[in-house]
Amino acid sequence: MSVLGPSLRSMKRYVDEDLHGAEFRECDLTGARLIGVVMQDAVIDGLITNLVVNGVEVTEYVQAELDRRNPVRLLIRSEDPAELREAARQLHAGWAATIERIRRRPGIERRSVNDEWSAVQTMRHLVFVHDSWFRRCCLGSTELFTPMGIGTTVEPYRGAHGLDLSLDPSLDEIVSVRDAQAAELEAWLDKVTAEQLAGRAPVPDDDVWPPYARGRSVRQCLGAVLNETFEHHGFCVRDLDLIEAQDAE
């Protein structure tokens with residue numbers, strides 16, 4: 001699909017359809033129009049901009065509320081290395097607290113709801129994010145990715161560059177790797193300058209994920225790491241809440 005989104009002529013139209021309980025997962029809804037709809041108890045989660053609800057552009061309201069609830073988002077968007085370092089520290093601390101929560105409920109780390117990743121799968125994905133978006137894109141590393149990482153489902157990248165899809169690491173093994181990655185990131189942020197962040201990312205010239213990172217700045221690639229760490233922590237906490245609520249019923 002074009003990055004500009006489908007034209008109105010090519011858009012699929014649903015008229016007088018019952019979409020009660022429908023789920024749209026990993027869909028591009030750019031330019032979608034919902035006219036005269038009934039939408040109650042709906043959940044919208046994704047990269048959302050320029051959203052107009054009943055004539056009101058609501059994106060800024062949503063972003064402001066998310067910032068109020070999660071002040072670390074302001075640090076993540078900063079250009080100041082010191083504030084970015086503090087963002088990384090807070091993100092690591094947030095994950096550490098969630099891991100302690102998981103340890104109090106042995107087995108919950110491998111449970112999932114609504115076809116989402118389990119907690120251990122989520123952390124394994126962040127192992128991959130660090131290897132690809134930080135080591136590869138910010139540092140220019142050509143080393144193989146950590147085998148336990150879970151990457152994109154897009155072929156040929158799904159099990160490429162050192163990933164071993166047959167692995168089933170323990171929580172302790174995953175946490176050990178993530179702690180080492182967090183320390184590596186924070187040590188780098190201790191020394192990086194604003195000028196270095198603004199520079200072109202040293203993405204190696206080979207066919208390894210993420211191929212679309214070429215031409216981006218170091219700061220943009222770092223942003224991918226911090227945003228993924230934040231967003232996936234939110235997903236993990238959300239699902240732990242759901243699992244515990246189900247168990248309490």
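**Note on burial, aromatic pairs and enclosed spaces**

1. W209 has a relative accessibility of 14% and therefore counts as buried (under 20% relative accessible area is buried, over 50% exposed and anything between partly exposed, with a 1.4 Å probe and protein chains only). The structure is a predicted model, in which local features need pLDDT of at least 70 and side-chain atom pairs count only at pLDDT 80 or more, while totals for chains, interfaces and linings use all residues. Residues are numbered from 1 along each chain as its sequence is written, and side-chain values use heavy atoms, without hydrogens and water.

2. Five aromatic pairs are found in a search of the whole structure. One of them joins W209 to Y212 edge-to-face, at 5.4 Å centre to centre and with 85° between the planes. Here rings of Phe, Tyr and Trp (its six-membered ring) pair if their centres lie within 6.5 Å; planes under 30 degrees apart are stacked, over 60 edge-to-face, and the rest tilted. Y212 counts as partly exposed because its relative accessibility is 43%. Through ring pairs, W133, Y157, W209 and Y212 are linked into a cluster.

3. Two cavities of 30 Å³ or more are found in the whole structure. On a 1 Å grid over the protein atoms alone, a cavity is a set of points where a 1.4 Å probe fits but cannot get out, and a pocket is an open set with protein on both sides within 12 Å along at least five of seven lines; lining residues have an atom within 4 Å of a point. Volume is the space filled by probe spheres set on points joined across faces, edges and corners.

4. The second largest cavity holds about 40 Å³. W209 and Y157 belong to its lining, together with F128, F145, A160, H161, L163 and V208. This lining has seven nonpolar residues, one polar residue and no charged ones (Ala, Val, Leu, Ile, Met, Phe, Trp, Tyr, Cys and Pro are nonpolar, Asp, Glu, Lys and Arg charged, and the others, Gly among them, polar).

5. The largest cavity contains about 50 Å³ of space. Its lining includes W117, T122, C236 and D239. Helices α4 and α7 are the elements that give two or more residues to this lining, and α7 gives the most, with four. Helices (H or I, at least four residues) are DSSP runs numbered from the N terminus, as are strands (E, at least two). Six of the lining residues are nonpolar, three polar and two charged.

6. The second largest pocket has a volume of about 280 Å³. Of its 22 lining residues, H92, W95, R178, A182 and T229 are the closest to the centre. The largest share of the lining, eight residues, comes from α3. By class, the lining has 13 nonpolar, four polar and five charged residues.

7. W95 lies in helix α3 and counts as buried because its relative accessibility is 6%. Residues up to four places away in sequence aside, W95 touches T122, M123, L126, T229, H232, H233 and C236 (contact means heavy atoms within 4.5 Å). The C-alpha atoms of W95 and F230 are 9.0 Å apart, although 135 residues separate the two along the chain.

8. R73, in helix α2 (residues 72-76), is buried because its relative accessible area is 10%. Apart from neighbours within four places in sequence, R73 is in contact with Q63, L66, D67, F230 and E231.
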